[in-house]
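The sequence and structure are shown first.

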Amino acid sequence: MSAPINAAGPLIRVENLRKSFGSHLVLRDIDFAVNRGEVVTIIGASGSGKSTLLRCMNLLETPDSGHIWFHGEDLAADRVNINRLRERIGMVFQSFNLFNNKNVLDNCTLAPITLKKMGRDEAEAEARRNLEAVGLLEFVNAPATSLSGGQKQRVAIARALCMKPDLMLFDEPTSALDPEIVGEVLNVMHDLAAEGMTMVVVTHEMAFAKSVSDKVVFMDQGVITEQGGPQEMFTSPRLPRTREFLSRYLED
Amino acid sequence: MTRLSKLTSFIVDDHRYVLLGTSVVAAIGVWFSMQRRSPMSFLRGAYAVEVAMYWLLVAWLAVSAVALVWKLTHWEGDAYERTSPFARPAARTAERLCSYAVCAVTAALVVDRAAMGFLSVVSQSLAQDKNPSDFLGSIVYMLDKSYGIIGRGVLTTVGLSVFGTLIAFVLAILLVFLRIQTIDRSDNDAVRFLKAAGCGFAKVYSTVVRGTPMMVQGMLIYFAGFGLLRNSGMSVTEIGMVWSTFVAGLVTISLNSTAYMMEVLRGGIEAVDLGQTEAARSLGLSQWQAMIKVVFPQGIKNAIPALSNELVVNIKDSSVLSVIGVFDLMFVTKTVVGIYFKQVELYVVAALCYLCLTMAASWLLGRFARRLSVEPAPLLSTSDGTATVGTVSSMSSTELSLDAQRKGGR
């Protein structure tokens, strides 16, 4: 089933992706690719389709048409075994979505144990390693509901890492946080990028996008209007729309 | 300081309240002393004592009245404190002691008239060989003659509702899993068909059961079962052994309650944030795994108050099953009414029995729910105070107030 993948090719490639909610077309023929080890940030105004694109990339939204190639399989194909593929794609949500009925450790070990990727001991060791990396090892036994927002988001990142994914998707991971604690989550993401994780990040944190990204994608009204390296995107964007959008952030 | 001790210190500290408060007690005592003495009254032979008690109370009322008039005529500033003979320290002590005596006398009168009166009605009624005409006496008489079957009726009602609710709970969990499944991308055609069929069945079941009266359902189930067994060649006596009215009633109440509990569970599950499912699915868990491990444990917690209310509803609604002849409290009451023809008295007894059962059930379930909603979570260490031991979930207010019960009748 899984064809040998070209190591030089992109890790995930989106082709002609279309998605509409009712009569409203949210994504119009999106094409883009993420290479191994690359950090891609998607920026754009609210309602431009950034989050929908990200959610399509692990099929939390079902695309109307198009292809999403990942490990030689098309995620958008009908009746693809999405559960196997999702194991290799980590996702971090804006609203954290820690399992409220579990403590921190169980949040991290639930999926590896249930999906029999690891035994309990191995899963717990992996969870502790990842929790230590996000600086929350002392909270292993705390109930998920007792943590602060920044702590929850760091646990959510550790939880996703416990599945040893090839790709991490971040859907506005800091938008629900106080400005003061945005930094603690961004630091964790910085470290992750430095370790070579392939990441796609939807964000409004332009400073973060500028410093971490290998590629910046600007979306407007369901279309990728411009993409490029962070330097050229932030200093000399081609299109007036991009310039207008960025000017609002870069003034500060 | 409790409310009671606050009140007592308030009365004791200021003698005017001693006078006024105790005069109310004295008035109650006077009223009781004017009531008819029952045969069991212990003051019956001590007429002189009772007269003395009566006059003590009346004297107290008079003293209070004088003190009140004095206060009204010496309203300004501390005029009353200075001039009144009632405000002198010695008088205050005497007044306090007298107030104790007044309270004791009133208590004696209440016991003599009310408690002994009740006991004497009971003992008289028990000795009668025909139904007494007074309300209370008649109830006591009939209870004495038929407590056996009334007790059996209460037990049947409890059995029907408790076992019915437990069976319905299990069935409702199974049914709600059928109801909430949705077709997933990776499902093949057979799975898709089975899921659609299961969901459709649950929907139809819920609509039909909730849309028809339980009385009709009971009739249908009882007679359908009876007819089937009769066609299979069993005699009426043999059928009575396996398909008794109790069994038919239990089946009816279980199947009926299943539909309601399924909807309650569905509500609880659907109230769980969609993000919980998305997070579980994003890690690679299947729809079923996400439901079992993450969503259902949270959903059932949401549903516990409404689920336990279902037991209270079933205690009351099992009464309609008396139409198929289940020997429950309602059926027993009707039977006893047939014997004595005292409708109001007996239905008051039945109502009180149902009230006691439902109140006991909600009290027990309330305690049970409170225990469940606090989950003990062992905590090793925290660096700041954000983590707490145990989380009280949002539904900790599981008081099942009787007026909050939905569905007056089905």
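## Basis of the values

The model is predicted, so local features require pLDDT of at least 70 and side-chain atom pairs count only at pLDDT 80 or more, while totals for chains, interfaces and linings use all residues. Residues are numbered from 1 along each chain as its sequence is written, chains are lettered from A and ligands numbered from 1 in the order in which they are written, and side-chain values use heavy atoms, with hydrogens and water left out.

## Interface between chains B and A

Chain B contributes 35 residues and chain A 40 residues to the contact (heavy atoms within 4.5 Å). Together the chains bury about 3,100 Å², with 52% of it on carbon and sulfur atoms; buried area is the accessible area (1.4 Å probe) lost by two parts on being put together, summed over both. Of the area that chain B buries against chain A, 25% is supplied by B:Arg185, B:Ser282 and B:Leu283, more than by any other three residues.

Two salt bridges are counted between the chains (a side-chain nitrogen of Lys or Arg within 4 Å of a carboxyl oxygen of Asp or Glu). One salt bridge joins the side chains of B:Asp189 and A:Arg79, at 2.8 Å from N to O. On the side of chain B that touches chain A, two or more residues come from each of α7 (189-210), α11 (274-282) and α12 (287-317) of chain B, helices being DSSP runs of H or I with at least four residues, numbered from the N terminus. The most, seven residues, come from α11(B).

## Largest pocket

The largest pocket has a volume of about 820 Å³. A pocket is an open set of points on a 1 Å grid over the protein atoms alone, where a 1.4 Å probe fits, with protein on both sides within 12 Å along at least five of seven lines; lining residues have an atom within 4 Å of a point. Grid points are joined across faces, edges and corners, and the volume is the space filled by probe spheres set on the points.

Of its 32 lining residues, B:Thr182, B:Asp184, B:Thr277, B:Arg281 and B:Gln287 are the closest to the centre. The helix α12(B) gives the most to this lining, with five residues.

## Second largest pocket

The second largest pocket has a volume of about 450 Å³. Among its 20 lining residues, B:Thr165, B:Leu166, B:Ser308, B:Leu311 and B:Leu365 lie nearest the centre. The largest share of the lining, seven residues, comes from α14(B).
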